[in-house]
Structure formats: structure tokens, C-alpha cells
Amino acid sequence: MDTSQFNIFEGMTSISAVINSNEANNRKILKVIYDETKEKSKYKELAFLRHKSTELGFELVPVSADEIDSVTIGNSHGGIVAFCSERRIERLDDSKNNIVKNGFYVMLEGIEDPYNFGYSLRSLYAAGVDGVILNERNWMGAAGVVSRASAGASVSSASGSAFSLSSSNSSFP
């Protein structure tokens, strides 16, 4: 499988965040793979994923640990990995109906490290932000890292909306 065309989310925290915000962020889970040797130790997580796979229409596939290691960055994934579509965000000009009057909005600029970006989103989520405004920057190559660093806040519908200042729709983890 060519993984370059997917966003890869490692571990149940990230995958659960994508599942819980499925409608809000228009990102679709296409496939979840898990380490076949962890069937017993990950029973609860896999039961949850089996239920959600039927509901949301994604594959749940047992694979070898080597296959999981070949598509992941780190080793803290717990043997569960999701392949997801991109998330699209609106241009700020097109988002007037989604702006909360007197809401708390933050514009993030100058953050180049995906871990720092994720940590910033997690802090903003904790502070109750209604939305994040971004300059043109494609974070999709690091969507999984951003999701893990933000503890799922980057994909959570409760973390508010993301708006782009760029002239075209941008991608957001």
C-alpha cells in the first residue's frame, strides 16, 4: 500500500479523536491495521474499532508488527494504526456563517515544528478556543504527529474550527 496518499494516525488516542469528530472535520477513516499478536491484550480497543468499522465503513485488518513498523514514525502506537483521508478547512472569507459572535479566535503563525504546532493546539483547546486561523501551510504530511502531540485536539470538533487565510482551501491535521 502506498501510504504517501494517506494521513496516518498512530495509537488509540489519535484514532478515537478522528472517530469522535468524524462529521465535524470531514476526514474519513479508510482502514485501520492492528498487530495480530495483540488480539488479546487490545481486546477492548479492537471491539470498539470493530463496532465503529461497521458504522463508519472502514476496514479493520490484522497485520504483522513489521508491517506496522514500516508505516509508523515511532513505537508508541500500541500496535494500532489508521489510514485517513485529508481534512479540508474553509477559507476565512467563506466562513462567515461559522464565526461565533464575540468568540475566542487565535491566529497561529511561525510554527514550523509539528510537535510544537500540536502542543499549541492542545493548549488552545484547553483554553476554550472557538477557532484557529492559519496562514497557508500544509501540515498534512505531519497530521499524525500533530494529532498525537495535541492529544487529539487537532481533530476534535470541540477544539473549534480551523480557517485559512490563503487563497485556496488548505489542509489541516
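## Confidence across the model

Strand β9 (residues 170-171) has the lowest mean pLDDT among the chain's elements, at 46, while strand β3 (residues 59-63) has the highest, at 95. Here pLDDT is the predictor's confidence in each residue, from 0 to 100, and helices (H or I, at least four residues) and strands (E, at least two) are DSSP runs numbered from the N terminus. Over residues 166-172 the pLDDT is below 50, yet in the model this stretch has 29 contacts beyond near neighbours in sequence; a contact means heavy atoms within 4.5 Å. Where pLDDT is low, the predicted coordinates should not be read in detail. For the chain overall, the mean pLDDT is 77, with 68% of residues at 70 or more.

This is a predicted model, so local features need pLDDT of at least 70 and side-chain atom pairs count only at pLDDT 80 or more, whereas totals for chains, interfaces and linings use all residues. Residue numbers start from 1 along each chain as its sequence is written, and side-chain values use heavy atoms, leaving out hydrogens and water.

## Overall layout

Five helices and nine strands make up the element count of the chain. Starting at the N terminus, they run β-α-β-α-β-α-β-β-β-α-β-α-β-β. Take the contacts between residues at least 6 apart in sequence: 83% of them join residues at least 24 apart.

As for cover, 47% of the 173 residues count as buried, meaning under 20% relative accessible area, with exposed over 50% and partly exposed in between (1.4 Å probe, protein chains only). The chain exposes about 8,900 Å², and carbon and sulfur atoms supply 47% of that. Accessible areas come from the Shrake-Rupley method with a 1.4 Å probe; for residues, only the protein chains shown count as cover.

## A covered helix

Helix α1 (residues 12-20) is mostly covered, with seven of its nine residues buried. The buried set is Met 12, Ser 14, Ile 15, Ser 16, Ala 17, Val 18 and Ile 19.

## Out on the surface

Ile 73, Tyr 115 and Tyr 119 form a nonpolar surface patch with about 330 Å² of accessible area together. Patch residues have over 30% relative accessible area and no salt bridge; like charges are joined within 9 Å, nonpolar side chains (Val, Leu, Ile, Met, Phe, Trp, Tyr) within 5 Å. A salt bridge puts a side-chain nitrogen of Lys or Arg within 4 Å of a carboxyl oxygen of Asp or Glu. Tyr 115 sits in helix α4 (residues 114-127) and is partly exposed, at 40% relative accessible area.

Glu 67, in helix α3 (residues 65-71), is also partly exposed, at 39%. Its C-alpha atom is separated by 8.5 Å from that of Asp 35, 32 residues apart along the chain.
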